[in-house]
Amino acid sequence: MNDFTTLAHHWLESHPNPSAVTDDPDRWAEQTGLRIRHRIRELADQLAPRMPGEEYLDRLRPLTSAWQTATEVAIDEHLPLYDP
């Protein structure tokens with residue numbers, strides 16, 4: 001189980017009506033975790049595209065920043081806050 005699957009499990013457990021979200025929590029959390037990971041990669045590639053001839057160390061800082069931003073956005077897209 002990856003960190004995003006665990007996060008999805010926790011989100012679902014704290015949801016006021018988890019049965020309205022899914023009837024199979026484990027499957028839902030696993031699929032949601034995978035969708036979050038995919039979305040992070042997609043967004044990070046958009047935010048910090050690879051430049052021709054770019055050295056690894058030159059790419060590291062923008063890629064790290066893009067990954068952090070992409071993680072926040074992806075989690076917010078797939079596990080939105082709700083008003084209890």
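The crossing in which H3 passes H4 is right-handed.

The residues behind this contact can be picked out on each helix in turn. On the H3 side they are Thr 32, Arg 35, Ile 36, Arg 39, Ile 40, Arg 41, Leu 43, Ala 44 and Leu 47. Facing them in H4 are Ala 66, Trp 67, Thr 69, Ala 70, Thr 71, Val 73, Ala 74, Ile 75, Glu 77 and His 78. Sorted by class, the residues of the contact of H3 with H4 comprise eleven nonpolar, four polar and four charged.

H3 also meets helix H1. The axes of H1 and H3 come within 7 Å, with a crossing angle of roughly 130 degrees; the two helices are therefore oblique to each other. Here, too, the crossing is right-handed. H1 contributes Phe 4, Thr 5, Ala 8, His 9, Trp 11 and Leu 12 to the contact, while the residues from H3 include Pro 25, Asp 26, Trp 28, Ala 29, Thr 32, Ile 36 and Ile 40. Nine nonpolar, four polar and three charged residues make up the contact of H1 with H3.

Two of these residues deserve a second look. The structure holds one aromatic pair, formed by Trp 11 and Trp 28. Their rings are stacked, at 5.5 Å centre to centre and with 25 degrees between the planes. Trp 11 belongs to helix H1 (residues 3–14) and Trp 28 to helix H3, so the pair ties together parts that lie 17 residues apart in sequence.

How confident is the prediction, and where is confidence highest and lowest? For the protein chain, the mean pLDDT is 92, and 96% of its residues reach 70 or more. Confidence is highest in H3, with a mean of 96, and lowest in helix H2 (residues 18–21), with a mean of 91.

Definitions and conventions. Residues numbered from 1 in each chain as written. Predicted model: local features only at pLDDT ≥ 70, side-chain atom pairs only at ≥ 80, totals over all residues. Heavy atoms only, no water. Left-handed = near helix turned anticlockwise from the far one by under 90°. Helix = DSSP H or I, 4+ residues; strand = E, 2+ residues; numbered from the N terminus. Contact = heavy atoms within 4.5 Å. Nonpolar A, V, L, I, M, F, W, Y, C, P; charged D, E, K, R; others polar. pLDDT = per-residue confidence, 0-100. Phe/Tyr/Trp six-rings, centres within 6.5 Å; stacked < 30°, edge-to-face > 60°. Axes fitted to C-alpha atoms, helices over the stretch in contact; angles between N-to-C directions. Parallel < 35°, antiparallel > 145°, perpendicular 65-115°, else oblique.
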